[in-house]
Amino acid sequence: MATGSKDNNVDNFFQKAKKILGNWIVKNLLLAVAALLVIVFIASLLLGGITKHGKELVVPDFTGMTVEDAVRSADDAGLRIEIGDSVYIRRFGRGLVYSQNPNAGGKVKKGRRVYLTINAVNPKKVSMPNLVGFSLRQAKAELQSRGLTLGRLVYVKDIATNNVLEQKYRGRKIEPGTMIETLSRIDLELGLNPDDNTTRIPSVMGLKYLRAVDVIHDYSLNVRRTVFDKNIKTYADSLDAVVYKQNPSAGDVPILIGEDVTLYFRLEKSE
């Protein structure tokens with residue numbers, strides 16, 4: 001009797017289930033759920049393929065390469081190259097890659113664009129400004145805005161200290177409006193009042209090359225000599241090097257304006 005009752009219960013269950021599943025509303029709901037699951041599955045596959053989830057590439061170092069070599073290297077790595085800008089660095093190979101974005105070693109998705117800055121083959125030229133009558137600070141800012149470099153500061157007796165009296169290029173007076181190459185060094189002849197002729201030596205320890213020279217000029221001093229460690233082999237290395245020694249040392253003892261400072265540079269050790 002117990003066995004027959006159990007069989008009847010099973011039969012009743014299947015009959016009820018068959019009746020429910022045969023209902024068109026239930027059937028459509030089940031089909032909709034199945035279709036939704038299929039769509040979600042396909043979408044996850046497509047999204048994974050598009051984003052290359054978990055598959056990142058390491059950006060190669062393109063600096064110092066020709067554009068052709070950089071493009072070839074990028075193709076091999078699954079990346080794309082785009083020329084973003086150009087500069088002119090006198091002591092860097094002309095037509096070579098000067099910098100890149102993203103930087104070398106960065107992790108990106110396949111197909112990512114890498115923007116390159118190229119060192120121009122021909123230097124750009126700019127018009128020499130008229131700095132006569134400017135203060136040293138004003139003249140330095142104007143030279144920087146034109147892409148020119150402040151050279152040596154030469155002081156002569158005058159009523160106003162640090163007033164620009166003459167501008168020179170390669171030892172000769174240069175007239176305003178003269179076209180010269182960017183990064184050219186411009187020497188300035190400046191006034192020096194005997195009653196206002198001293199400064200102090202600032203500390204430039206730990207500063208990079210360009211910033212250190214800039215600070216020395218801000219104190220109306222000259223960089224007599226720059227000494228680089230033997231591990232500094234390229235111009236790019238010199239720009240990254242920092243001051244680890246200066247002579248004379250920093251101090252508050254008054255020193256004559258226009259005096260010389262020697263700077264010693266080395267590359268910081270990477271952590």
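Helices (H or I, at least four residues) and strands (E, at least two) are taken here as DSSP runs, numbered from the N terminus. The model is a predicted one, in which local features need pLDDT of at least 70 and side-chain atom pairs count only at pLDDT 80 or more, whereas totals for chains, interfaces and linings use all residues. Residues are numbered from 1 along each chain as its sequence is written, and side-chain values use heavy atoms, with hydrogens and water left out.

The protein chain contains six helices and 16 strands. Of its 271 residues, 30% are buried, where buried means under 20% relative accessible area, exposed means over 50%, and partly exposed lies in between (1.4 Å probe, protein chains only).

Helix α5 spans residues 209–218 and is mostly covered, with seven of its 10 residues buried. The buried residues of α5 are Y209, A212, V213, D214, V215, I216 and H217. Their cover includes α4, β7, β13, α6, β14 (242–247) and β16. D214 has its place in helix α5 and counts as buried because its relative accessibility is 16%. When residues up to four places away in sequence are not counted, D214 touches K140 and Q144. D214 and V204 are 10 residues apart in sequence, and their C-alpha atoms are 9.7 Å apart in space.

Grid points are joined across faces, edges and corners, and a volume is the space filled by probe spheres set on the points. The largest pocket has a volume of about 1,000 Å³ and is lined by 32 residues, of which T149, L150, R185, Y209 and L210 lie nearest its centre. Two or more lining residues are given by each of α4 (136–145), β7 (149–157), α5, β13 (222–228) and α6 (235–240). The largest share of the lining, five residues, comes from α5. By residue class, the lining comprises 14 nonpolar, 10 polar and eight charged residues; Ala, Val, Leu, Ile, Met, Phe, Trp, Tyr, Cys and Pro count as nonpolar, Asp, Glu, Lys and Arg as charged, and the others, Gly among them, as polar.

Aromatic pairs were assigned to rings of Phe, Tyr and Trp (its six-membered ring) with centres within 6.5 Å; planes under 30 degrees apart count as stacked, over 60 as edge-to-face and the rest as tilted. By this rule the count comes to four aromatic pairs. The pair of F228 and F265 is stacked, because the ring centres are 5.1 Å apart and the planes stand at 20°. F228 lies in strand β13 and F265 in strand β16 (residues 260–266), so this pair ties together parts that are 37 residues apart in sequence. F228 is partly exposed, with a relative accessible area of 30%, whereas F265 is buried, with a relative accessible area of 0%. Y209, F228 and F265 form one aromatic cluster.

Most residues other than glycine have a negative phi, and most peptide bonds are trans. The peptide bond from N101 to P102 is cis, with omega near 5°, and P102 is found in the loop between β3 (97–101) and β4 (107–109). A cis peptide bond also runs from N247 to P248, with omega near 0°; P248 is placed in the loop between β14 and β15 (251–256). L183, although not a glycine, has a positive phi of about 75°. L183 lies in the loop between β10 (179–181) and β11 (185–192) and is partly exposed, at 31% relative accessibility. S220, likewise not a glycine, has a positive phi of about 60°. S220 is located in the loop between α5 and β13 and counts as buried, at 5% relative accessibility.

Notes:
On a 1 Å grid over the protein atoms alone, a cavity is a set of points where a 1.4 Å probe fits but cannot get out, and a pocket is an open set with protein on both sides within 12 Å along at least five of seven lines; lining residues have an atom within 4 Å of a point. Contact means heavy atoms within 4.5 Å.
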